[in-house]
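I opened this entry to log what I looked up, chain by chain. My notes follow the order in which I checked things.

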Amino acid sequence: MNQDTSSSTPGRWVIPLPKSGALVYLGAMVLTASTIALGASLDHFFRGHATLVLLLIPVALSARWGGRGPGIAATLIGVLGATVLLPAYTGAEPVTHGYQVALLCSGLVISVLAQREQSPVPESPAASAEAGNLPPPDLRAVLKEYADLRIALNEHAIVETTDHRGVITHVNEKFCAISQYSRGELIGRDHRIVNSRHHPKAFWAQFWATIQRGEVWNGEIKNRAKDGSYYWVATTVVPLREDHRPPRHYLAIHANITDRKLAEENLRTATRELLDLKTALDEHAIVAMTDPAGRITYVNDKFCTISQYRREELLGQDHRLLNSGHHPKAFFQEMWRTIAAAGVWHGEIKNRAKDGSYYWVESTIVPFLDEQGRPRQYVSIRADITVRKLAEAALRESQLRFSAAFQYSPAAIVIHQRSNLAILDVNESFLEMFECTREDVARQSLISAGLLDGNVAHDISAQLDARGEVNNLEVVARTLRGKLLHLNVSVKEVELAGESCALAIVVDLTARRRAEEEVRTLNSVLEKRVMERTAQLESANHELEAFSYSVSHDLRSPLRAMDGFTQALLDDYGEKLDAQGRHYAHVVRDSAQKMSHLIDDLLAFSRLSRVPLARRAVRVEALVREVVAELLPREQGRALDVRIAALPDCQGDRALLKQVWLNLLSNAFKYTGKRPHAVVEVGCLSTGSVPIYFVKDNGTGFDMRYAGKLFGVFQRLHRMDEFEGTGVGLAIVQRIVQRHGGKAWAEAAPDQGATFFFSAESPSEILHEQPSH
Amino acid sequence: MNNQAIEILLVEDNPSDLQLTLRALQKANISNRIHVARDGAEALEFMQGSSTAGDPSPRLILLDLKLPKVDGLDVLRQLKSDPRTQAVPIVVLTSSKEQSDIVESYRLGVNSYIVKPVNFERFSAAVKDLGLYWLLLNQSPNRAE
C-alpha cells in the first residue's frame, strides 16, 4: 500500500502507524511496559512517583491513537504493573490502594477524553437523522432538498469528501467506478491513493494552500486507477467550514475529462507533427497560398528569397506580379480551369524575379474546398528548377550539336553493337556511301543489311578484341546496289548504356583509288615522255658533241697548215724577205695561233652546259696547289710569289672547278706579268655559310666602270698587244660557277691589282653531301 | 724509197699535215725510211702485207685518227689485236683533244697519244722528241727477221 510520503498534510504523523485493531492493543501494551521499565529506572529521581507520571503518557497515547478501548487497556495494565507487579519484583513497598484508584481514575478519564477528541466518522446527516437524531421540522425540508441534490449530483459527477487531512471519508459510485477501487478500499484512505505522479510538487502546494485558506479550488487533475491506467478529471474542491474555523472537510466534485484530455493531447501531437512537416517543407519548397481569387495570402521565406520580393510586397498581390511573359495566355487559362474545377495542377512555370532575372519552378497547385465543394484556398508548392532547366537547355543544345556533327560529318559513321553487329545508328554520309535509306538499315545487323561480308566482320571483330580499336583497315564491301567499294575503316570500341558497341568511320577509297590509278597512269606516261625527251636531248647532245668535235678537229687542221707553211716559208725563204715581209709572215702565224686558242676555248665553253655536274666534296686547297703546280712551269724565270691560305672544302664538280681555278690563276699570273715582283694570293672569306674563295693579284688591275663586261664572252678589258687572251676564260668561270649555284665577281682598281671572288654553292641550299673523292 | 726496212709508218690523210710532219721529221733528222699510208686501209694492208712477207715491221707507227675508209681507232684496234703487229709501238698523232678519243685509244693499247699543236715550232719539237724517244731511247722487241 503506497502512501505518499511527499504530501505535506500538516499535523500528520510522520511515523507510519498500523490501523488494524489487534495491533493497536498490542502496541498499547508494549508502550506501557516500556514506560514502566523506564519509570523504574527513574524511581530514584522521582521517588516512586515517576511511574505514575510516566504512565499517563502511554495511556494518553493509546487513547488518542486507538480510542477509548486501548486507553482503558493501557490504564489497567499500567496500574497492575506499576502497583502490584513491580513492587513484588523490586521488593519496594507496595503501593497504596488509594494510589491505585487514583491511577485507574486518571487513566479512565484520559481515555474517555481522548475518545471525544477524535473526529467522529461523518455520518450523513440524513443517516444520523434516521439514527434517531430528529432535527426540527423546518430542517427536514432542507435536508430533503439536500438529499435530492445529492442524488442528482451523484448521477452526474464523481464525488468524494475528505477530512482536513485528505483522508477520504466518502466516495460516490462514480468515484469507485472510475478509480476501480471499492468503497472499502477508499474510505479512510488518503486521497493520494489515486495519485498519478503527473503533477509537480508546486501544483499540490498551491492546491492545499488554496483550499486550506477556505477558497474553492478549480483545476484538472490526472489520476491513476487501480489497474494503473490514467484518467483526467476536472475538479472543484470546496472546503466545508463551520463559521470561520479552518475547514474540517473538503468536498471534491470531478468530471471525467479523460476523453477530452486525450483528444487535446492527440491534437497537440498532430499539431506538432504538422508543424514539423511544415518546417521541413519550408526548408525544401517554395510555398504560397492564395484565396480563391488568386490573391496571395501566405508565402514562406523561400518564396520571398527566390522572387526577391518582401513578404509585404507579395501579400494581397496576384501571381501576375511574377509573370515572365514566357508562357502563352492559354497556359495560365488551362491552369485556372484545372484548379477551379478542384483538380490538382502540375507544371513548370518560368517566373520573373524582382530584379528582372528569370527562374523556373516546378509547381503543384492544390485546391482546398469548403463544405460546398468550392475552392476556398489554393496552396502551391514549388521547387526551383532553374538550374535543371539551364542544364536541360545546355544538354539539348549539346545534343543538337553532336547530333549535327554526327549526321552531317563528311565521313561515313556507323554505330553498332559488338555482340550481334546490330546497327544502332548511321549518319547521312554512310547512307550516301552505301546507297541505302535509313529503313534499309533499321533493325538490321551489318551483315543482314548486306553491307559487310562475314569474314571481314570477323576480322574486324578479332582486331577489336585484341586492341580495342582498328586503324585504317582496308576492306572491300558492296553498296546496297551492288557497287564495289574500296574502304578504309577505323573502328573504336565504346560503351553505350552499358552495352559494348563500336563506332566505325568509313572512308571511301574507291574514288581515291581511281585517282591514284590516274596519277599512276599519268606518271608512267610522263616518265615515258621524259625518257623520250631525254633520249631526244641525249641524241641532240651527241649530235652537238660530234659536231663540235669534228668542227674543232677540222678547223684545227687548216690552222696547222697555215702556221706550218708560213714557218716553212720563213725558214726556207726567210732571207729573201725583208723585215716587212717577215712581219707579215709572223702576223699570219699569230692569227693561226689565236684562232686555235679560240677554237679550244669555244669548245670548252660550249661543252660546259652539256657536261653533267657531279657534286662532291672537293678538297679545294689540294686542287689549287695542283693547278698552281701545272701553271708554274710556264712562268719560269720571273719573280712570282704565290701564297695559298688554308682553304675549306666545298661541294662541287672537281673537273669544272679545276677549270675555274685554272682560268683565274692563269689570269692572275698573266696580268702580273709586268710586275717586277708579282704576288698572287689565294684565300677564302670567312663570312657566311658558304665559302667565298678569292684570287688576289698585284697586277695591272682594271677600271671598275667596265666590271660588267668582265665576264662576257669575248669581252676583254685590255688590248691584245697589252695582254693576250681570247676573252672567254672568265665567261667559262662564270658559267661553271653559276651551274654550281654560286656567284663570281671582281674588284679592282687600275694599276692596283684585282681580286676575283667566287662561291661554288648558294647560301640557302645545302645539297646532299657526297663523300669526297 | 730504198729497200731498207721501213722505220716509221706514217698514217695521215691530210696533205698539209702530211707535208708538215715529213718536214718536221726531216728537220729533226730522225729517219728517211718512212712509209706513208693515206688511209686506214692502206695502213692495214701495209702492216699485214709486210708481216706476211716476213719483212721486219716498222719501229714506230704514227697514226692519225680521222682517216677515211678505216678509221684510226679501228686500225689501232686491229693492229693491237693481231699478235703479229701488236708489239709495234703506235703513237697517235691527232688534232683531237677529246677525252673520249684518248680514253679509247689507251683502252685499245696505244703506246702514246700526242695532240698536234697548231704552232709549227712546237709541232716540230714534238715530232723530234717523238722520234728520238721511240727510235733511239725506247727499246723495241727484236724485229722478226
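I read chain B along its sequence and noted the pattern β-α-β-α-β-α-β-α-β-α. The tally for chain B is five helices and five strands. I keep in mind that this is a predicted model.

Next I checked burial. Chain B has 145 residues, and 52% of them count as buried.

Then I turned to a helix pair in chain B. How do H3(B) and H4(B) pack, and at what angle? Helix H3 of chain B covers residues 72–81, and helix H4 of chain B covers residues 99–108. Their axes lie 9 Å apart, at an angle of about 15°. The cut-off for roughly parallel is under 35 degrees, so H3(B) is roughly parallel to H4(B). The crossing of H3(B) past H4(B) is right-handed.

I listed the residues that make this contact. H3(B) contributes B:Leu73, B:Leu76, B:Arg77 and B:Lys80. From H4(B) come B:Asp101, B:Glu104, B:Ser105 and B:Leu108. I sorted the residues of the contact by type: three are nonpolar, one is polar and four are charged.

I moved to chain A for backbone angles. Most residues other than glycine have a negative phi. I therefore noted two residues with positive values.

A:Gln308 is not a glycine, yet its phi is positive, about 70°. I located A:Gln308 in the loop between helix H11 (301–307) and helix H12 (311–314) of chain A.

I placed A:Asn472 in strand S13 of chain A, residues 469–478.

Last, I looked up A:Thr35. I found A:Thr35 in helix H1 of chain A, which spans residues 21–46. Why does A:Thr35 count as buried? The cut-off for buried is under 20% relative accessible area, and A:Thr35 counts as buried because its relative accessibility is 10%. Which residues does A:Thr35 touch, leaving aside neighbours within four places in sequence? I noted contacts of A:Thr35 with A:Leu54, A:Leu55 and A:Pro58.

Note on methods: Residues numbered from 1 in each chain as written. Chains lettered and ligands numbered in written order. Predicted model: local features only at pLDDT ≥ 70, side-chain atom pairs only at ≥ 80, totals over all residues. Heavy atoms only, no water. Helix = DSSP H or I, 4+ residues; strand = E, 2+ residues; numbered from the N terminus. Buried < 20%, exposed > 50% of the residue type's maximum accessible area, 1.4 Å probe, protein only. Axes fitted to C-alpha atoms, helices over the stretch in contact; angles between N-to-C directions. Parallel < 35°, antiparallel > 145°, perpendicular 65-115°, else oblique. Left-handed = near helix turned anticlockwise from the far one by under 90°. Contact = heavy atoms within 4.5 Å. Nonpolar A, V, L, I, M, F, W, Y, C, P; charged D, E, K, R; others polar.
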